[in-house]
Structures are given as structure tokens and as C-alpha cells.
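Student: I have not looked at this model before. Please take me through it by question and answer.
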Amino acid sequence: MTEDFRSQKTEITVIVRPVSVFLVVDVQNDFISGTLNISQCAAQQNGLDVVEPINRLLDTVEFDAVFYSLDWHPSDHVSFIDNLPYRKVHESSPIKAEDAKTYDTVIFEGPPQMKQRLWPRHCVQDSWGAELHKDLKVVEGAIKICKGTNPEVDSYSVFWDNKKLTRTTLNDELRAKNATDIYVCGLAYDVCVGASALDALTIGYRTVLIDDCSRGVDLNDIEKTKQTVMTNSGVIVNSNQVKAMVE
Ligand code: VGL
Ligand code: ZN
């Protein structure tokens, strides 16, 4: 034991200065004014509202790295309600295929069985709807991460798909940069932003969710997201509470 501990000491790097990364989640046309326009969802929030505070943060805070994620689905993606006829809904599903409406959750046949919320067709690869909003500032040297590319598995978190079968390159990139802190915001608060923040906390990053730079689908789910993030030691702030460190 003593031997192990001593040899470990020489290998571990203790980081005394935070390395802060900004993760902008899915600020794409379809969520703002396209097919999955969140202003038409229950919470009736406007996705465009996130663009200005995100740009202001990018202008005023020097993050060590900036990442933009993109929901990036193939045309036959499992989450699109119009692809439902091409898949088998399991008999245990609370909503049967013939009754399923947009935003309902069904259970698809396995293996393994999978709960899936059904969305309108959105963020199809290389379409206008999948582009980042034209007014969003994209900083030089930023890294873009695509997710949701497997037709059979949805992917809300920017780290993992919903089945935790495959991961994106995000965590490898964060490790390569010795990232300690991650600032998460974007669309949708209660879907991809929340899932990404929770995975970041699970992995062990100090995680800050920026409330006014995020908009969501359902007010109850947004509230649940905030509670879960805080219960897991995440921090929720407004963008005016994020200040650059004085050297
Ligand atoms: C998202 C619903 C479906 C998101 C992605 O980016 O929050 N929401 N696909
Ligand atoms: Zn999607």
C-alpha cells in the first residue's frame, strides 16, 4: 500500500488553477424557428433569447476552450414521429403506435427495450434546421461536437447517447485540456442542456449551468432539471454572475 501511494504521488497532477470550458448546446435553427421551435412547446419560451447573453459571455469571459454541440440526425432517426411506422412499439408501451402523437413517449421493442420521446423531424444532417443560428457568435478555435447520429439511438447529453452505448469525443477533448470546470447552456434546458450538465457532474467536473442562456420545452421539467443539477452539487447562475478571473 505504502509503495503504491508513493508511486502515485509522482504521477498525479494537482491542478491549482481552474481550466474553464464553455459548452453551448444545440443553438440550432430548428429549435429557434424551425420544426422543433421550442416557442411552440408547453413552456412557450423563445430559443432566440439565448443568443444575446451567450454572445455577451463569449465577448467578456476568456474561456480556456469553447465547444458547440449540434443535434445531427440522419433522416431515418428513431426520434422522428414520422419514422414510427418503420419501428416496432413494444406491447408494454403506455402509448400504442396508432395513438402516438408528437411529444409522447413510447417504448420501442428491443433488444434492449427503449423509452423514446417522439419529436417532429428536426436537425437533419446538413439541413438549414441543423445549422447553428446565424447570429450566434462562433469563436475561433472552437470545437464542434455532433450527436444523435446513430439512427437507432437518441442522444440528449453531449457526452453519451441515451443508452450510454457510445460517447462523443467531448470528454477526451476535455481531458486533453485538463478541464476542471464546465459552463453549460443552450437548448433545450430540460432536454440536452440538463442531460449534459448531469453527465458533467457524474464525471466529476465542477459544473455551472447558466440559466438565462438556456430555454426549454416544459416548465415543470425545467424546474426538475434545476433541482437535480443542484442536488448533484451543480451550480446555477445567471450570465451576469460569471466573471473573468483577475490575473
Ligand atoms: C433536443 C429534443 C430532441 C435538444 C434534441 O437539443 O434539447 N431536444 N432532440
Ligand atoms: Zn434531436
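Student: Is helix H5 largely enclosed or largely open, and how many of its 15 residues are buried?
Tutor: This is a predicted model, in which local features need pLDDT of at least 70, side-chain atom pairs count only at pLDDT 80 or more, and totals for chains, interfaces and linings use all residues. Residues are numbered from 1 along each chain as its sequence is written, while chains are lettered from A and ligands numbered from 1 in the order in which they are written. A residue is buried if 20 or more other C-beta atoms lie within 10 Å of its own, exposed if 12 or fewer, and partly exposed in between, with C-beta atoms placed from the backbone. H5 is largely enclosed by the rest of the structure, because the number of its residues that are buried is 13 of the 15.

Student: How far apart are the end C-alpha atoms of H5?
Tutor: Helices (H or I, at least four residues) and strands (E, at least two) are DSSP runs, numbered from the N terminus. The expected span of a helix is 1.5 Å times one less than its number of residues. H5 covers residues 189-203, so it should span 21 Å; this agrees with the distance between its end C-alpha atoms, which is 20 Å.

Student: Which residue follows H5, and what is its phi?
Tutor: The helix is followed by Gly204. The phi of Gly204 is positive, near 120°.

Student: Which peptide bond is cis, and what is its omega?
Tutor: Look at Ala188, which sits in the loop between E6 and H5. The cis bond joins Leu187 and Ala188, with omega about -15°.

Student: Which residues are around ligand 1, and how do they divide into nonpolar, polar and charged?
Tutor: A residue is near a molecule or strand if its C-beta atom, placed from the backbone, lies within 6 Å of it. The shell of ligand 1 holds Asp26, Asp71, Ser79, Trp119, Leu187, Ala188, Val191 and Cys192. Ala, Val, Leu, Ile, Met, Phe, Trp, Tyr, Cys and Pro count as nonpolar, Asp, Glu, Lys and Arg as charged, and the others, Gly among them, as polar. The shell is therefore five nonpolar, one polar and two charged.

Student: Why is strand E1 described as largely enclosed?
Tutor: On E1, Ser20, Phe22 and Val24 point one way, Val21, Leu23 and Val25 point the other way, and all are buried. E1 is largely enclosed by the rest of the structure because, of its six residues (20-25), the number buried is six.

Student: Which strands pair with E1?
Tutor: Two strands pair if DSSP finds at least two bridges between them. Six bridges join E1 to E6 (residues 181-187) in parallel, and Phe22 has Tyr183 as its bridge partner there. Val24 is bridged to Tyr68 of E2.

Student: Is Asp154 buried or exposed?
Tutor: Asp154 lies in the loop between E5 (143-147) and H4 (170-176). Two residues are in contact if their C-beta atoms, placed from the backbone, lie within 7 Å. Leaving out residues up to four places away in sequence, Asp154 touches Val78, Ser79, Gln116, Gly148 and Asn162. With 23 other C-beta atoms within 10 Å, Asp154 is buried.

Student: Is Lys164 buried or exposed?
Tutor: Lys164 is in the loop between E5 and H4. Its phi is positive, near 55°, though Lys164 is not a glycine. Because Lys164 has 11 C-beta neighbours inside 10 Å, it counts as exposed.

Student: Which residues of H6 are buried, and what do they pack against?
Tutor: The buried residues of H6 are Ile222, Thr225 and Val229. Seen down the helix axis, they fall within an arc of 55° (taken from the directions from the axis to the C-beta atoms), so they line one face of H6. The face turned away from that side carries the exposed residues Asn220, Gln227, Met230 and Thr231. The buried residues pack against H5, E7 (206-215) and E8 (235-237).
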